[in-house]
Amino acid sequence: MRQDRGVEMTGLARRAAALAARGGPGGDRRILGIAGPPGAGKSTVAAALAGVLGPDVAVVVPMDGFHLAQAELVRLGRAGRKGAPDTFDAAGYTALLRRLREPAAGTVYAPAFDRSLEEPVAGSIPVGPRVPLVITEGNYLLYDAGEWAGVRELLDEAWYLAPDDGRRIARLVARHVRHGKDPAGARAWVARSDEANARLIAPGRDRADLVLDTG
């Protein structure tokens with residue numbers, strides 16, 4: 001494991017491109033995982049990488065598409081801690097990663113998470129058979145409990161984003177406010193839920209190939 005300070009996108013894109021070059025038509029697809037605590041910037045880094053590499057080389061498949069539906073969280077009594085490990089379909093996510101590793105004759109469709117609805121949406125992300133690299137990002141890629149423990153072996157490379165906690169928490173609060181919580185409610189949710197999840201996620205940095213200080 002190597003730790004870099006700062007996110008220098010050119011260097012990261014070169015590293016991701018080298019990984020993609022080991023996949024490609026006729027071979028196994030490569031999967032790059034980007035993990036880290038809530039608010040670390042995982043989706044931002046994944047989208048930037050995919051933008052540099054282009055859609056013929058890389059597609060982003062977020063873990064958040066495997067959130068359980070709100071109605072199911074209510075039925076299970078877990079709606080008040082949405083985002084915890086057991087509020088996702090971890091087995092379904094792992095099964096999709098296995099399917100993505102070996103390109104099929106046709107397109108594979110992955111789910112996305114719609115923040116305006118706060119719901120997963122099936123069949124949202126097409127991954128064509130000739131795309132050599134999938135970039136997947138999410139909190140629990142390096143979490144080693146339950147069904148999540150099987151994810152790491154399916155990643156050809158794993159990066160862990162380790163931002164300054166003060167700035168990360170401020171971004172989280174702002175995100176929750178944008179999506180409808182009042183400021184006090186947003187701060188309470190971050191303290192109660194997001195930070196509890198961050199503590200579960202933190203040991204995963206030791207399972208990463210690269211740790212990035214994202215500021």
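Predicted model: local features only at pLDDT ≥ 70, side-chain atom pairs only at ≥ 80, totals over all residues.
Residues are numbered from 1 along each chain as its sequence is written. Local features need pLDDT of at least 70 and side-chain atom pairs count only at pLDDT 80 or more, whereas totals for chains, interfaces and linings use all residues; side-chain values use heavy atoms, with hydrogens and water left out.

**Aromatic pairs**

A pair of aromatic rings is described by the distance of the centres and the angle of the planes. Rings of Phe, Tyr and Trp (its six-membered ring) pair if their centres lie within 6.5 Å; planes under 30 degrees apart are stacked, over 60 edge-to-face and the rest tilted. The search of the whole structure finds six such pairs.

| Pair | Centre to centre | Angle between planes | Class |
|---|---|---|---|
| Tyr 93 and Trp 148 | 6.1 Å | 50° | tilted |
| Tyr 140 and Trp 148 | 5.4 Å | 45° | tilted |

Tyr 93 belongs to helix α4 (residues 90–101) and Trp 148 to the loop between β6 (133–137) and β7 (157–161), so their pair ties together parts 55 residues apart in sequence. Helices (H or I, at least four residues) and strands (E, at least two) are DSSP runs, numbered from the N terminus. Buried denotes under 20% relative accessible area, exposed over 50% and partly exposed in between (1.4 Å probe, protein chains only). Tyr 93 is buried at 0%, Trp 148 is buried at 3%, and Tyr 140 is buried at 0%.

Lys 181 lies over the face of Trp 189, at 4.6 Å from the ring centre; the criterion is NZ of Lys or CZ of Arg within 6 Å of the centre and within 35 degrees of the ring normal.

**Glu 118**

Most residues other than glycine have a negative phi. Glu 118, which is not a glycine, has a positive phi of about 60°. Glu 118 is found in the loop between β4 (108–114) and β5 (119–127) and is partly exposed, at 28% relative accessible area.
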